[in-house]
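I am keeping a notebook on this structure. The entries below record what I looked up, one topic at a time.

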Amino acid sequence: MKRLPYLVACAALAACAAKAEKFEGLALTPPMGWNTWNTFAENCSESLVRETADAMAANGMRDAGYVYIVIDDCWAKKERDADGNLVADPVKFPSGMKALGDYLHSKGFKFGMYGCAGKTTCGGYPGGRGHEFQDARLYASWGVDYFKYDWCDHGTANGPETYRIMSDAIRAAGRPIVFSLCEWGQNQPWLWAEPVGHLWRTTGDIGASYATGGKNKWEHGWKNLLDMNVGLEKYAGPGHWNDPDMLEVGNKGLTLAESRAHFSFWCMLAAPLIAGNDVRHMAPEIRAILTNKGVISIDQDPLGHQGFRYRVDKDKEIWAKELANKEWAVCVLNTGDAPAKLALDMRELTFLTEQYYDVTDVWAGKPAGTALDPHAGIVDSHDVMLFRLKPGS
Ligand code: GLA
């Protein structure tokens, strides 16, 4: 009899633990894909999504790992139907979402959708509040694999509680879905969202600039977002990632160097790599950035450690990311407004544990001596040098 209180406590704990238990085993490396929002905003459509999938299958993106194709805001009709179900806009999505999901699956992609935890989405479409379980069943019936849940029009709702309800609803619907929380870091999701979802936005929205915002006044340049993620590295890991927002690589507002550096840093952060450009019509050098295997392997490293800022000097920052098998990635950024000669003395990197390392220049795809050799180069404004260090002898 003495064991009874213990058993009751366990049962109560188990009941608590059963709440907000996301599907495990998903997003063991940061999710990769494409999303309609950054370039197309309210102009998402079935034809755009199909053409994008076709382009990504043909241009190497799918095979490089970009498998989640996500339809963001503005896909729905402005009203739910008589049963309270969301309805896809029949003009934008004439074949319906189930058929579109089937098409994506048939081409080797996974299907992502967007909803909002408030009464309406940021674009003014029906939100999920009060409809969580019904909506999760609908998404599951459409074959959705990834679900982004936004935070507009939430009124006085409590953040952690609201996202837990949606997580429970996804769980109850029974289809394993990657759950992407998009509450802009307002409730410090890194402190509570690990059991709830697989990734969480840490910041407000990205815009296509280095550090001067975007086309909307609430947007930030990627360097601003990078700075806001300093210190959050300990909260990321396999199945639970900090999300500094989607990529602007290839979008107007960034130089080629800034696109390359933006991509390098999202990989250093172990960030989700969700492309946001028009991949049907991109320049070969943008495609080369997005599909660079060496850089992507830093993001997708199985250890799942987020990189950290090691050192800030005038016009220069050094970042490091621990990789599996005692390897490291080291990234040096020219924060100045002009090209500059940057030097990196790897003997000064106090986090290194081994005596010898072989070094690769990742963007050049070439060996670059050892960690005992000097490393220096002329680096464009807002561009990087990116190295991979592997224990050697
Ligand atoms: C918010 C999100 C964006 C995008 C828009 C859609 O601003 O943070 O990523 O989903 O809403 O309206």
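**Entry 1: residues with positive phi**

I looked up Asp245 and found it in the loop between strand 7 (241-243) and helix 9. Helices (H or I, at least four residues) and strands (E, at least two) are DSSP runs, numbered from the N terminus. I note that this is a predicted model, in which local features need pLDDT of at least 70 and side-chain atom pairs count only at pLDDT 80 or more, while totals for chains, interfaces and linings use all residues. Residues are numbered from 1 along each chain as its sequence is written, and side-chain values use heavy atoms, with hydrogens and water left out.

The phi of Asp245 is near 90°, a positive value in a residue other than glycine. Most residues other than glycine have a negative phi. Asp245 is buried, because its relative accessible area is 3% (buried means under 20% relative accessible area, exposed over 50%, partly exposed in between, with a 1.4 Å probe and protein chains only).

Cys74 is not a glycine either, and its phi is positive at about 80°. I located Cys74 in the loop between strand 2 (68-71) and helix 5 (97-106). With a relative accessible area of 4%, Cys74 is buried.

**Entry 2: helix 9**

I checked the length of helix 9. Its 13 residues should span 18 Å at 1.5 Å a residue, and the end C-alpha atoms are 18 Å apart, so the two agree. The expected span is 1.5 Å times one less than the number of residues.

How many residues of helix 9 are buried? I found 11 of the 13, so I wrote the helix down as mostly covered. Among them are His262, Phe263, Phe265 and Trp266.

Leu256 lies in helix 9, which covers residues 256-268. Leu256 has 36% relative accessibility and therefore counts as partly exposed. Leaving out residues up to four places away in sequence, Leu256 touches Glu285, Ile286 and Ile289 (contact means heavy atoms within 4.5 Å). Just after helix 9, Ala270 takes a positive phi of about 55°.

I traced an open sheet of eight strands with parallel pairing, in the order 7-6-5-4-3-2-1-8. Strand 7 and strand 8 (273-275) are at the edges with a single partner strand each, so one side of each has no neighbour in the sheet. Two strands pair if DSSP finds at least two bridges between them.

Strand 3 (residues 110-116) pairs with strand 4 in the parallel sense over five bridges. Gly112 has Tyr146 of strand 4 as its bridge partner. Strand 4 (residues 146-150) and strand 5 also run parallel, joined by four bridges. Lys148 stands opposite Ser180 in strand 5.

In strand 5 (residues 178-181), Val178 and Ser180 point one way and Phe179 and Leu181 the other way, and all are buried.

**Entry 3: helix 3 and helix 5**

Which way do helix 3 and helix 5 lie, parallel or antiparallel? Helix 3 (residues 46-58) packs with helix 5 at an angle of about 5°, and their axes are 10 Å apart. The two are therefore roughly parallel to each other. Axes are lines fitted to C-alpha atoms, for helices over the stretch in contact, and angles run from 0 to 180 degrees between N-to-C directions. Angles under 35 degrees count as roughly parallel, over 145 as roughly antiparallel, 65 to 115 as roughly perpendicular and the rest as oblique.

The residues in this contact include Val49 and Ala53 of helix 3 and Leu100 and Tyr103 of helix 5.
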